[in-house]
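Have a look at the model first.

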Amino acid sequence: MKHPRTVISSLVGLGFGLAAALGTAPAIAASPAPADQAAQKAAGYAAYAGSAENAAGNKAFFEAVAKSVAKKRAANPGLKSVTIVYSATNAPSFRSQISSSAQIWNSSVSNVRLQEGSNADFAYYEGNDSRGSYASTDGHGNGYVFLDYAQNQQYSSVRVTAHETGHVLGLPDHYSGPCSELMSGGGPGTSCTNPYPNANEVSRVNSLWQYGFAASLAKNAS
């Protein structure tokens, strides 16, 4: 898999919710005050949530991961439980948060499991990006999650990571949702630290992966 910094032009991203990632912040001569920054981010959540671009990004990332899983499961088509393998090698600063988010999802859902290992279906990366954290594809069928340093200091890092991992499992962004909804991302503000999916999110993931790859793609497209 290519490093995400080399595939920025082909980005199909699903961010935690920074306005800069959405191209919605107006051009300004000087850095805005913190309150202005917060307002810009809030406007970004509202503009992007539910948009066609967001929906296309969710589908592309989910399908990239699901197709990778399908190739490795071809010999066992009857299995009803799916294992998604990830690599955290390129995100060493976030290894603990990645492990925690995997444990959260594994303890919440029953039809799919996240596991670190080789021959990964997707990878985590870390670095600095003005758009914040996001899940994406590189345009060549590979999926990855990028974790931004600054955003993970501003927001609960485990929530950020668990939210981006939710895209791996097929969930879309819903920035207008409450803090109790994991996929509301940064919408509820920096005070929201909840890293757990709610009952509806758990049900959606279990439904997507109930009968493995083929059914998951069909349900996601509907």
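## A strand with both faces covered

Gly-143, Val-145 and Leu-147 point one way from β6, while Tyr-144, Phe-146 and Asp-148 point the other way, and all are buried (under 20% relative accessible area with a 1.4 Å probe, protein chains only; exposed is over 50%, partly exposed in between). With six of its six residues buried, strand β6 (residues 143-148) is largely enclosed by the rest of the structure. Strands (E, at least two residues) and helices (H or I, at least four) are DSSP runs numbered from the N terminus.

This is a predicted model, so local features need pLDDT of at least 70 and side-chain atom pairs pLDDT 80 or more, while totals for chains, interfaces and linings use all residues. Residues are numbered from 1 along each chain as its sequence is written, and side-chain values use heavy atoms, leaving out hydrogens and water.

## Who sits beside β6

Strand β4 (residues 122-127) pairs with β6 in the parallel sense over six bridges; pairing takes at least two DSSP bridges. Gly-127 has Asp-148 as its bridge partner in β6.

Strand β5 (residues 134-137) runs antiparallel to β6, joined by four bridges. Here Ser-136 stands opposite Tyr-144.

## Rings

Tyr-144 turns up again with Phe-146, Tyr-125 and Tyr-134 in a cluster linked by ring pairs. Rings of Phe, Tyr and Trp (its six-membered ring) pair with centres within 6.5 Å; planes under 30 degrees apart are stacked, over 60 edge-to-face, the rest tilted.

The structure holds eight aromatic pairs. One of them, Phe-94 with Tyr-149, is stacked at 6.1 Å centre to centre and 20 degrees between the planes. Phe-94 is in the loop between β2 (82-90) and α4 (95-108) and Tyr-149 in helix α5 (residues 149-154), so the pair ties together parts 55 residues apart in sequence. Phe-94 is buried at 5% relative accessible area, whereas Tyr-149 is partly exposed at 29%.
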